[in-house]
Amino acid sequence: MVILGIETSCDETGIAVYDGERGLCGHALYSQVELHARYGGVVPELASRDHVRKLLPLIKQVFDSSNIKSSDIDGVAYTAGPGLVGALLVGAAAGRSLAWAWGVPAVGVHHMEGHLLAPMLEQDPPTFPFLALLVSGGHTLLVEVGGIGRYRVLGDSIDDAVGEAFDKTASLLGLPYPGGPALAKLALDGNPDRFRFPRPMTDRPGLDFSFSGLKTFALNTWRNSEQSGQDRADIARAFEDAVIDTMVIKCRRALQETGLATLVIAGGVGANIRLRERLSELLRSQGGRACFPRPEFCTDNGAMIAYAGWCRLAAGESEGLGIRATPRWSLEDLPAV
Ligand code: KG4
Ligand code: ZN
């Protein structure tokens, strides 16, 4: 089965074609980062309008570059949520309509299920069951994964998502949007012994996270410093260390509680090199295995949506002609395959 995948939940237009037999046939991404940079964050209306402009040309580009015709497509998968409703509606309307025109089934994919299954596109993919740490701009989730659609959320953030905390802290340090990668780069020059930030919610039982306090801690540390370039790098380093330590502690705890030996790390923050190193080390020390998507499939992309859609369409799932966009949607509400 050959599936067209469409991702438009936020500020990235992602297109891919996945074939159950040959694997990933082609993919392309158009990032709106430049469009939103001057506003310091994503402007939802501008995001929707840009998806409208870029979506069909990007589908044509992927078809042309991978020698695929519309008649090769056996199904369409689009991101149905969670995300910005206007942006979701663009991909959903285009995806559902193309499926109707081509006479093939369509399915609305959960964006976080896409992230969670992204490591399946790599060599030597993880096998079920596993623990997943999903860390993006909108989510911080620890999930026990029994199979496709069999998700139990063990931990969540009670305030800012981890990517959001990276972005907000970067912004108060005067770094350009999107802040996560910029802050991570700056932290490489920081002195790890200069400041020590708290490791929130690690001194009590449970698997939930809280990151908004770290941002305030960073702001106060910045205000009390001379605000030099070195101060900025040292604060970035202290912030990143605190976030990574916190995630390592919670992952260790979740692995212990579930008895699982495989950890999947996915979502935009999963591209963070030091987080990848620390979690790989943790799993190695326990005789287990950490699995990541390649960095470009950690952040939003069409390939993960094409793959997740293929899992569901190949199992016979499909939807009616209604166009569905669900801005708020729990992973636990998904049907098992
Ligand atoms: O998954 P994603 O592309 O979009 C959402 O679904 O939210 O994640 C984007 C988030 C942003 O907050 C971005 O700053 C963060 O992932 N991010 C990083 C890194 N690369 C992206 N955070 C820390 N270090 C990175 N290298
Ligand atoms: Zn995402």
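Contact is taken here to mean heavy atoms within 4.5 Å. The structure is a predicted model, in which local features need pLDDT of at least 70 and side-chain atom pairs count only at pLDDT 80 or more, whereas totals for chains, interfaces and linings use all residues. Side-chain values use heavy atoms, with hydrogens and water left out, residues are numbered from 1 along each chain as its sequence is written, and chains are lettered from A and ligands numbered from 1 in the order in which they are written.

Leaving aside residues up to four places away in sequence, A306 touches I3, G5, A16 and Y18. This alanine belongs to helix α10 (residues 303-314); helices (H or I, at least four residues) and strands (E, at least two) are DSSP runs, numbered from the N terminus. With a relative accessibility of 0%, A306 counts as buried, where buried means under 20% relative accessible area, exposed over 50% and partly exposed in between (1.4 Å probe, protein chains only). A306 and Y78 are 228 residues apart in sequence, yet their C-alpha atoms are 7.8 Å apart in space.

The zinc ion (ligand 2) is coordinated by H111 (NE2), H115 (NE2) and D300 (OD), at 2.0 to 2.1 Å. Along the chain, the donors of this zinc ion follow the spacing H-x3-H-x184-D. Because H115 lies in helix α4 (residues 111-117) and D300 in the loop between β10 (289-291) and α10, the pair ties together parts that are 185 residues apart in sequence. Both of these residues are shielded: H115 counts as buried at 0% relative accessibility, and D300 counts as buried at 13%. Donors are N, O and S atoms within 2.8 Å of the metal (3.2 Å for Na, K and Ca), and water is not among the atoms, so sites may look incomplete.

Helix packing comes next. The axes of α6 (residues 179-187) and α8 (residues 229-258) come within 8 Å and cross at roughly 110 degrees. α6 is therefore roughly perpendicular to α8, given that angles of 65 to 115 degrees count as roughly perpendicular, under 35 as roughly parallel, over 145 as roughly antiparallel and the rest as oblique. Axes are lines fitted to C-alpha atoms, for helices over the stretch in contact, and angles run from 0 to 180 degrees between N-to-C directions. On the α6 side, L183, A184, L186 and A187 meet R232, A233, A236, R237, F239 and E240 of α8.

Finally, some backbone features deserve a look. Most residues other than glycine have a negative phi, and most peptide bonds are trans. The peptide bond from F128 to P129 is cis, with omega near -5 degrees, and P129 lies in the loop between α4 and β6 (130-135). Another cis peptide bond joins Y177 and P178, with omega about -5 degrees; P178 is located in the loop between α5 (162-172) and α6. Positive phi values also occur: M201, in the loop between α6 and α7 (212-223), has phi near 60 degrees and is buried, with a relative accessible area of 15%. Q227, found in the loop between α7 and α8, has a positive phi of about 60 degrees and is partly exposed at 39%.
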